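Have a look at the model below and keep it open while you read. The notes walk through a few helix pairs and then a pocket.

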Amino acid sequence: MISSTRFRFNCLLSSLSWHHLKTKRILKASRHCYIYPRYYSTGVSRGGGQEEQQTRHPKRFLVDCSRGRKIDDSSSRVIVSHGATTNPTNGATGHSKYLEHGDHDDIALPIDEHSYHHVYIAVGSNMGDRFDNLMTALSMLENTNVNDVSLAGNDTRTSSSISSYQEQEPLIRIVRTSFLRETEPMYVTNQPSFLNGAVEIQTKLLPHALLRRLKDIEKKIGRDLSHGIRFGPRPIDLDILYYGVGVVGDKGDGDRDDDVQIMKSSILEIPHPRIPERTFVLSPLMDLNKNVVHPINKMTPGEMLYELHSKKDDHDEECPAVQVLPLPRGRMLAFNQTHIMGILNVTPDSFSDGRGGHSSEESVDEAVQRALELVKDGATIIDIGGESTRPGAKEVEVEVELKRTIPVIAKLRQVSNVPISIDTRHSQVARAAIEAGADIVNDVSGGMFDPLMFATVAELRVPIIIMHMRGTPETMQSMTEYENVVSEVSKELMRQSRAAEECGIPRWMQVLDPGIGFAKDLEQNLSLLKHSGAIRTLVEDVPLLLGPSRKGFIGKITGETIAKKRDFGTLAACLSCLVDEKGTLAPTILRVHNVKGVAQGVRIMEAILNAK
């Protein structure tokens with residue numbers, strides 16, 4: 001998502017507080033911005049009312065966005081107001097600008113030199129390698145420069161000023177992504193399913209300039225903008241949803257963008273007119289910001305989604321948007337079910353099932369056969385690890401870890417298409433494993449052990465499982481001091497999740513793991529399991545992996561000293577953490593040894609929860 005030359009710089013910043021990276025100075029709109037419309041209007045409050053003035057001017061003007069007043073002259077037409085703004089088309093009111101533009105009103109100076117503007121963009125694809133198309137589009141967006149934005153006229157002073165400014169700050173910043181969903185096509189139904197999501201950006205491009213850049217990206221990725229079927233198949237689709245952001249409870253106190261726009265031209269309408277009718281847009285918007293408000297109907301994504309579903313009658317077929325985790329080679333891990341990750345340790349010293357740890361052909365074949373048995377038992381992912389992370393375990397040399405894991409991964413990939421995760425703290429092992437055929441990186445250190453891990457995973461464009469742990473396996477059990485384990489673990493997970501985003505790993509490529517048994521005592525492990533729904537809320541609904549399998553806390557409660565005999569306790573722990581705070585099945589991966597038993601129990605629990 002972020003160009004490779006920026007990986008290391010961004011990762012160096014990952015230790016900084018996220019709040020320093022997203023200050024109000026960045027998020028708030030500029031006090032001054034250029035506008036290229038046909039009319040200018042400002043509302044002046046007098047005696048509790050608002051008086052509108054309209055004038056025509058022969059050239060562009062500069063608007064003081066904090067007061068909605070003209071600074072110098074303009075051409076064309078605009079209606080600009082702050083405070084209570086009225087849309088002359090439908091009478092809607094709110095904190096926004098209403099702009100009725102021509103097609104190229106901002107073309108002479110398409111860049112706001114003073115401020116970034118908050119924008120939500122819908123992304124989708126249903127042709128070719130859909131995920132690669134989306135990631136390519138994001139990369140092109142983030143690398144936008146002045147040469148990508150056409151400038152009209154011969155104002156060399158203006159062009160020079162913009163070019164100079166571009167050298168200092170990017171025109172577009174990717175703030176965060178939603179999760180991705182597999183959705184059935186709307187309108188034209190005889191086409192492949194779509195991969196849909198949404199992206200939150202900050203941009204200095206004004207609306208029509210941003211639209212031109214989006215269309216340019218679509219064209220370069222292969223979309224036929226001249227002869228393509230409307231609502232038909234497309235390798236990439238990029239739509240502006242909102243330009244400027246208002247939120248629930250917004251009272252004009254400065255905690256929001258001051259440039260929420262309602263505008264319409266022959267080629268662009270903001271907000272996007274079909275937001276309220278599209279589940280595949282509303283769900284990603286909820287991922288990004290549950291409190292963002294539609295500037296016309298004044299509803300949040302959740303309210304619009306509820307209204308949309310309430311309009312369906314009992315005979316309407318529901319085509320749900322299924323959340324997915326993208327995998328290499330065009331595959332998807334769909335969260336329409338709980339996924340069971342089968343543990344395959346190729347170490348001589350795992351606390352539960354060490355399997356030798358040497359790379360002879362016989363031992364590799366044995367490990368692959370065990371993996372295939374796990375798949376037969378119900379595993380949808382195989383997690384292969386070459387370093388024991390049991391309490392007190394010492395670090396294994398990278399060369400040893402590579403020798404243990406890579407032959408098994410390569411051989412398993414030859415005989416099965418099952419998703420494979422590599423359980424490692426080392427970026428070198430992660431890279432070699434993905435190149436050998438693995439699909440997911442499972443880092444028990446959450447990216448804190450190897451400073452190159454996040455940059456490596458971002459470059460490889462594969463999902464990462466970020467686990468919470470303090471210290472190392474050798475020292476972690478001496479680091480169990482928490483005032484509130486649920487909130488602190490969640491906070492630390494979010495810190496690492498955002499650090500991963502800064503390094504180029506979007507949220508739709510992340511899974512978080514609270515680290516059951518890692519730097520936690522008995523009561524803390526139980527608290528994390530009991531409040532797993534709260535953890536989901538605190539980490540903003542990123543999918544969770546939980547790994548209570550055969551852990552010591554089960555033995556302490558049951559008195560079972562042999563790890564392999566703790567499977568019944570493992571099942572109980574697993575079933576306790578499948579739902580969110582509303583009691584709804586949530587995207588979950590369970591990492592276990594006894595796949596068959598847990599898979600059977602999970603399927604029964606899912607059936608019970610889904611029953612009418």
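## α11 against α12

In this predicted model, α11 goes past α12 in a right-handed crossing. Helix α11 covers residues 427–436 and helix α12 covers residues 453–460; they pack at an angle of about 15 degrees, and their axes are 9 Å apart. An angle under 35 degrees counts as roughly parallel, so α11 is roughly parallel to α12.

Who touches whom here? From α11 you have S427, A430, R431 and I434, and these meet M453, T456, E459 and L460 in α12. Sorted by class, the contact of α11 with α12 comes out as 4 nonpolar, 2 polar and 2 charged residues.

## α10 against α11

Helix α11 also packs with helix α10 (residues 398–415), again with an angle of about 15 degrees and axes 9 Å apart. That angle is why α10 and α11 are roughly parallel to each other. Their crossing is right-handed.

On the α10 side, the contact is made by V398, E401, L402, T405, I406, I409, A410 and R413, while α11 brings in Q428, V429, A432, A433 and A436. In the contact of α10 with α11 there are 9 nonpolar residues, along with 2 polar and 2 charged.

## α7 against α8

Now for another pair: helix α7 (residues 279–288) and helix α8 (residues 301–310) pack at an angle of about 150 degrees, with 9 Å between their axes. Angles over 145 count as roughly antiparallel, and so α7 is roughly antiparallel to α8. The crossing of α7 past α8 is left-handed.

T279, L282, S283, L285 and M286 of α7 make this contact with P301, G302, M304, L305, L308 and H309 of α8. The contact of α7 with α8 has 7 nonpolar and 4 polar residues, and no charged ones.

## The second largest pocket

Helix α7 turns up again here, as one of the elements that each give at least two residues to the lining of the second largest pocket. The others are β9 (117–125), β12 (194–203), α6 (207–221) and β13 (237–243). Which of them gives the largest share? That would be β13, with 4 residues.

The second largest pocket holds about 910 Å³ of space. Its lining counts 43 residues, and K215, R223, R230, D237 and D239 are the ones that lie nearest the centre. By class, the lining of the second largest pocket splits into 19 nonpolar, 13 polar and 11 charged residues.

Note on methods:
Residues numbered from 1 in each chain as written. Predicted model: local features only at pLDDT ≥ 70, side-chain atom pairs only at ≥ 80, totals over all residues. Heavy atoms only, no water. Axes fitted to C-alpha atoms, helices over the stretch in contact; angles between N-to-C directions. Parallel < 35°, antiparallel > 145°, perpendicular 65-115°, else oblique. Left-handed = near helix turned anticlockwise from the far one by under 90°. Contact = heavy atoms within 4.5 Å. Nonpolar A, V, L, I, M, F, W, Y, C, P; charged D, E, K, R; others polar. 1 Å grid on protein atoms, 1.4 Å probe; cavity = no way out; pocket = protein on both sides within 12 Å on 5 of 7 lines; lining within 4 Å. Points joined across faces, edges and corners; volume = space filled by probe spheres on them.
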